[in-house]
Amino acid sequence: MELGSILQFLENKTILLTGVTGFLAKKKILRVQPNVKKLYLLLRAADATSASYRFHSEVIGKDLFRVAKETLGANFDAIISKKIIVVCGDVFYGDLGIKDSSLREEMMNELDIVLNFAATTNFYERYDIAFGTNTIGPKNVICFAKTCLKVKLFVQISTAYVCGESSGLIPEKPYRLGETLNGVSGLDIDYEKKLIDTKLDELRAQGVTETEIKHAMKDMGTERAKRYGWPNTYVFTKAMGEMLIGNIKGNLALVIIRPSMITSTFKDPFPGWIEGARTIDALTVSYGKGKLTFFVVDLESIVDVIPGDMVVNAIIAAMVAHANQPCDEVIYHVGSSLQNPMRYSNFRDYLIQYFTNKPWMDKKGKPIKVNKPTIFNSISNFNRFIKIRYWPLLKVLELANIVFCQIFVNTYNNLNRKIKLVKQLVELYRPYLFFHGIFDDSNLDKLRIAVGMNDKEDDIFFMDPKSIDWDNYFLNSHIPGVVKFVF
């Protein structure tokens, strides 16, 4: 694979990025190549004014842009206003919901590359919302890209976990339309859309509340996902999105980036930057606050994490590598499980060591004491613990309510609700806490070698997980970053 200069390629290019999560890539492009022609950023908002406000508050106002401001100096504001065009729209709709026809035409004439970051990453999202954003959304974006005069490449940001609960070495291969993980036939994306519409019509005809509709659609997503072998709505709808764009891409070159669990930045623009607590960092936050006293996990399982800046570098390098290639479809796993595996036992030890030495302070300024968590190495062991510890208490409360005219009904309901919530969360995270797959990254390895051939750009677009010292990264960058930017 020959790559050439990434910086030279980016010069004078016009790129569309959908989704606010794409701003890490946008910031990188703008900082390393201020001579990029234009970056269009599609943001969901009520109108152009709201989109502009969201851009300045959720993007420009973040610490992430501090380095870019320092690098560009007094020219920062001028470059931002000249280079970045905030577009009010939504991937849920055809033409991306862009109501400004002159702006839409301008984009269709000027765009060179389209990157789709837009997604809902909630494992237990409403099926209609996840389907609209993660499945139909990519279809709408690639259809828009195909109407653009100069666009030759479409980049879809997916997830490595579209593989479901597969084990062993997981290849970088595309999913074909109708393919399922468990071999059950009958997956038809058009039919899924009809099922969603029919279900919503039925619920509304019954006059149920919006809350009841929300819960029914969430349960429907989980049910449809498990029917075909996926563990949750998120990865199911992302997989269907991959299928759709692979089927309709036509002459466009298609690159699908599948990151594993994305964690804080390794070093660019500075170590430890992160926004939001995702996957393992939900555990970090709960444990640090003293709310999590047990882990339901296989400590020997590999936890595949990859810093966000390495993901961005892989996206940019892949974009350059395939922009002028034939209309092929290439998958890139971006993770660490093959090159530099880390286990959940390491992650547990990092949490204990960090929060023991640097405890989080409560609202009164007192340190929160953490203890070594109890480990349940199987779901059955966890369920047995719940049954022994809490079911007798529930039974006592149930009988007390009968004898004392429901005086303890609130206590019973609160405890029962908490037990159900904990069990639901354990089930949602189970596929990742007991995951036994390793992501093959042969394609990415070729890309790393190609980037490494340019000595001047190798350090700018670093993406080798072998360079990560996990002890140092978690204890000195990642967990401190979670404390600073998430807590």
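Start with Asp 128, which, leaving aside its neighbours within four places in sequence, is in contact with Phe 92, Ile 196, Leu 200 and Met 217; contact means heavy atoms within 4.5 Å. Before going on: this is a predicted model, where local features need pLDDT of at least 70 and side-chain atom pairs count only at pLDDT 80 or more, while totals for chains, interfaces and linings use all residues. Residues are numbered from 1 along each chain as its sequence is written, and side-chain values use heavy atoms, with hydrogens and water left out.

Is Asp 128 buried or exposed? Asp 128 counts as buried because its relative accessibility is 15%, and buried means under 20% relative accessible area, with exposed over 50% and partly exposed in between (1.4 Å probe, protein chains only). Its side chain makes a polar contact of 2.7 Å with that of Arg 126. A polar contact is a pair of N or O atoms within 3.5 Å; within protein, one must be able to donate a hydrogen and the other to accept it, and residues adjacent in sequence count only if both atoms are side-chain atoms.

Asp 128 sits in helix α7. Helices (H or I, at least four residues) and strands (E, at least two) are DSSP runs, numbered from the N terminus.

Now strand β4, residues 113-116. Ile 113 and Leu 115 point one way, Val 114 and Asn 116 the other, and all are buried. Strand β1 (residues 14-18) pairs with β4 in the parallel sense over 4 bridges; strands pair if DSSP finds at least two bridges between them. Leu 16 stands opposite Val 114.
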